[in-house]
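Thanks for coming, everyone. Have the model up on your screens, and I will walk through it piece by piece.

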Amino acid sequence: MSVAVSCPRCGGPVRAPDLMHTESRCLSCGPVPPLHVPEHIGAEIVASVVERITASTDSPGTPLWCPWPLPLGWTLTGVAYAGDDRTGVRATAVACAGPAPLGGGPADLVFVAEEPGVGLGTRLAGLAGPDPGPELADALTDPGPGHPEHVGQARIRVGGHPTPLWLVNSPTDRSAYAGEARGMWLHAIAWPASAGHLLAEDVVLHDLTEWTPPELVYGAPSPYLPGRA
């Protein structure tokens, strides 16, 4: 499969390890686990990414969180992972798209699971730094209005467990939420901002590395995963 490789923190190019460096490197961000984004999406692409994730560790690895069942009219539009043979998979992302919950056109959602310090979720959310900790602390103490159409707190089910996500201060073209699941950061980013209302509904996230539903419907590749957020 054709794969685009970039920096998870800034979306820039990444240099592979060489004789002088044992890690992949971004010229701007330094050593990073490279982000791999397949340029197409389909059942065989998801299976390949799942195989990569499960082969990188002997213990339960980074989950690949996908809404299941998908909201009515929604499709899976992309998967990605950050890591290499040296680091293993340290972050994953799933993108989906469908009709906006309040009408007015299409909407996109990206769910990111990552270890601390990777920076993929914060880049997609439009936040500074590799982790959402400071923004999340502000959200917990003073939620504020944020976006005029935001959902202040999203309560979803992750792997069968109720999991709160809090709105963080992202650019106004999107809504971004952050929380924790399975000892990793969990990000949910929605475009446009009003699409965050979808997370106020009965959204259940399922780990595709445990089982990939054959009924998944695939759509056009997401424009957000390859570093254009």
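Ala95 has Val110 as its bridge partner in S9. This is a predicted model, where local features need pLDDT of at least 70 and side-chain atom pairs count only at pLDDT 80 or more, while totals for chains, interfaces and linings use all residues. Residues are numbered from 1 along each chain as its sequence is written, and side-chain values use heavy atoms, with hydrogens and water left out.

Back to that bridge. Strand S8, residues 88-99, pairs with S9 in the antiparallel sense, over 9 bridges. Strands here are DSSP runs of E, at least two residues, and helices are runs of H or I, at least four residues, numbered from the N terminus. Two strands pair if DSSP finds at least two bridges between them. S8 and S9 form a hairpin, with 6 residues between them. Look at the turn: Gly103 has a positive phi of about 80 degrees.

Now the other partner. S9 also pairs with S13, antiparallel, over 7 bridges. Within that pairing, Phe111 stands opposite Ala188 in S13. How many of the 9 residues of strand S9 are buried? The count is 8, so S9, residues 106-114, is largely enclosed by the rest of the structure. Buried means under 20% relative accessible area, exposed means over 50%, and partly exposed is in between, with a 1.4 Å probe and protein chains only.

Stay on strand S13 and find His187. His187 is buried, at 1% relative accessible area. What does the side chain of His187 make a polar contact with? The side chain of Glu114, at 2.9 Å. A polar contact is a pair of N or O atoms within 3.5 Å; within protein, one must be able to donate a hydrogen and the other to accept it, and residues adjacent in sequence count only if both atoms are side-chain atoms. Leaving aside neighbours within four places in sequence, His187 is in contact with Val110, Phe111, Val112, Glu114, Gly121, Thr122, Pro132, Tyr177 and Ala178. Contact means heavy atoms within 4.5 Å.

Next, Glu115. Glu115 sits in the loop between S9 and helix H2, residues 120-125. Buried or exposed? Glu115 counts as partly exposed, because its relative accessibility is 28%. Its contacts, leaving aside neighbours within four places in sequence, are Val89, Arg90, Asp131, Met184 and Trp185. The C-alpha atoms of Glu115 and Val94 are separated by 16 Å, with the two residues 21 apart along the chain.

On to strand S11, residues 161-168, where we find Thr163. Thr163 is buried, at 8% relative accessible area. The side chain of Thr163 reaches the backbone oxygen of His161 at 3.0 Å. Not counting residues up to four places away in sequence, Thr163 touches Ala154, Arg155, Ile156, Val158 and Glu180.

Now some backbone geometry. Most residues other than glycine have a negative phi, and most peptide bonds are trans. Arg182 has a positive phi of about 55 degrees, although it is not a glycine. Arg182 lies in the loop between strand S12, residues 175-181, and S13. At 44% relative accessibility, Arg182 counts as partly exposed.

Two cis peptide bonds to show you. One joins Trp68 and Pro69, with omega about 5 degrees. Pro69 is in the loop between strand S6 (65-67) and strand S7 (75-84). The other runs from Trp191 to Pro192, with omega near -10 degrees. Pro192 lies in the loop between strand S13 (184-191) and strand S14 (204-207).

Now a separate item, an open sheet. 3 strands form it, in the order S2-S3-S4, with antiparallel pairing. Strand S2 (14-15) and strand S4 (30-31) stand at the edges, each with a single partner strand, so one side of each has no neighbour in the sheet. S2 is joined to strand S3, residues 25-26, by 2 bridges. Arg15 stands opposite Arg25 in S3.

Last stop, strand S1, residues 3-6, which holds Val5. Val5 counts as partly exposed, because its relative accessibility is 42%.
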